[in-house]
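Let's take a friendly walk through this fold together. Have the sequence and the 3D view at hand, and turn the view as we go.

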Amino acid sequence: MKIRQTVLATLIFAAGIGIGFAGQQKLDVSLFQGKSNQEAAWALLGAARAQAGDGSWERIAIGRVYYLGGMKAEGQAIFDQVLAEKHKPSDELRIARVYREAGEWAKAKPLFDQYLVETPKDQTDIAEVGAYYLMNGDRAKAEELFTRSFGLKPELWATVAAAGGYLNVAPQE
């Protein structure tokens, strides 16, 4: 009986691997070769959307490329969709980072603030957001966040983020 169960489990496992490999498709080079940059990006982003499925981080990464690549409406639509769904605070952080990277502090700030409310004990992210406040001219809020971060637990990446803020160097994401 045990041999039968082992054989059955092995067959099910092998079938699962086969299905997984069958689901992976190679991207056709015609998506990008010989195309303009815009056409290649558009085609590859379409493929990436299919690959992303319903993963929020994956969709945010795709939205980032649209948004920062000059196709803001497409990127914004993805961000709006993610935020309209049940999502994790880290999704807000990632979208806020895109807005900050685009130089849109007014759109980034409320998402950063919401993230800090929902995730009050991540010392690295608190310092990162503090650096962004500092880089946007709010030293008092930045230093409040640095103090909060360092009070939780001294951590290298938090310290580096704070130092970078004073030199107008964005934290590494």
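Over the ring of which residue does the charged end of Lys 141 sit? The answer is Tyr 133, and the charged end is 5.8 Å from the centre of that ring. Before going further, please keep in mind that this is a predicted model.

**The overall fold**

The protein chain has nine helices and zero strands. Followed along the sequence, its pattern reads α-α-α-α-α-α-α-α-α. Of its 173 residues, 34% count as buried. If you take the contacts between residues at least 6 apart in sequence, 47% of them join residues at least 24 apart.

**Aromatic rings**

A pair of aromatic rings is described by the distance of the centres and the angle of the planes. The structure holds nine aromatic pairs. Here are two of them.

| Pair | Centre to centre | Angle between planes | Arrangement |
|---|---|---|---|
| Tyr 67 and Tyr 99 | 5.5 Å | 65 degrees | edge-to-face |
| Phe 146 and Phe 150 | 6.3 Å | 20 degrees | stacked |

Look at the tyrosine pair to begin with. The planes of Tyr 67 and Tyr 99 stand at 65 degrees, so the pair is edge-to-face. Tyr 67 belongs to helix H3 (residues 56–68) and Tyr 99 to helix H5 (residues 89–101), so the pair ties together parts that are 32 residues apart in sequence. Both Tyr 67 and Tyr 99 are buried.

The phenylalanine pair is stacked, with 20 degrees between the planes. Phe 146 and Phe 150 both lie in helix H8 (residues 139–152), four residues apart, which is about one turn of the helix. Are these two residues buried or exposed? Phe 146 has 4% relative accessibility and therefore counts as buried, while Phe 150, at 34%, counts as partly exposed.

There is also an aromatic cluster to find: Trp 105, Phe 112, Tyr 132 and Tyr 133 form it. Tyr 133 is the residue from our opening question, with the charged end of Lys 141 over its ring. Another charge sits over a ring elsewhere: the charged end of Arg 94 is over the ring of Trp 57, 3.3 Å from its centre.

**The nonpolar core**

Which residues have the most contacts inside the largest nonpolar core? They are Ile 62, Phe 79, Ile 95, Tyr 99, Phe 112 and Val 129, in a core of 34 residues. Helix H2 (37–52), H3, helix H4 (72–84), H5, helix H6 (105–118), helix H7 (123–135), H8 and helix H9 (156–166) each supply at least two residues of this core.

Setting aside residues up to four places away in sequence, Tyr 99 touches Tyr 67, Gln 76, Phe 79, Glu 104, Lys 107, Ala 108 and Leu 111.

Arg 100 also has its place in helix H5. With a relative accessible area of 18%, Arg 100 is buried. Beyond its neighbours within four places in sequence, Arg 100 is in contact with Trp 105, Ala 108, Phe 112, Tyr 132, Met 135, Ala 170 and Glu 173.

**Two helices side by side**

How do H7 and H9 pack? Their axes are 8 Å apart and the angle is about 0 degrees, which means that H7 is roughly parallel to H9. On the H7 side, the contact is made by Gln 123, Thr 124, Ala 127, Glu 128, Ala 131, Leu 134 and Met 135. On the H9 side, Trp 157, Ala 158, Ala 161, Gly 165 and Tyr 166 take part.

**A few more stops**

Asn 168 lies in the segment after H9. Most residues other than glycine have a negative phi. Asn 168, although not a glycine, has a positive phi of about 60 degrees. At 53% relative accessibility, Asn 168 counts as exposed.

Val 117, in helix H6, is exposed, with a relative accessible area of 63%. Val 117 and Pro 89 are 28 residues apart in sequence, and their C-alpha atoms are 9.3 Å apart in space.

Finally, Asp 80 is found in helix H4 and is partly exposed, with a relative accessible area of 40%. The C-alpha atoms of Asp 80 and Gly 63 are separated by 10.0 Å, and the two residues are 17 residues apart along the chain.

Key. Residues numbered from 1 in each chain as written. Predicted model: local features only at pLDDT ≥ 70, side-chain atom pairs only at ≥ 80, totals over all residues. Heavy atoms only, no water. Phe/Tyr/Trp six-rings, centres within 6.5 Å; stacked < 30°, edge-to-face > 60°. Buried < 20%, exposed > 50% of the residue type's maximum accessible area, 1.4 Å probe, protein only. Lys NZ or Arg CZ within 6 Å of the ring centre and 35° of its normal. Core = buried A, V, L, I, M, F, W, Y, C linked by side-chain atoms within 4.5 Å. Contact = heavy atoms within 4.5 Å. Axes fitted to C-alpha atoms, helices over the stretch in contact; angles between N-to-C directions. Parallel < 35°, antiparallel > 145°, perpendicular 65-115°, else oblique.
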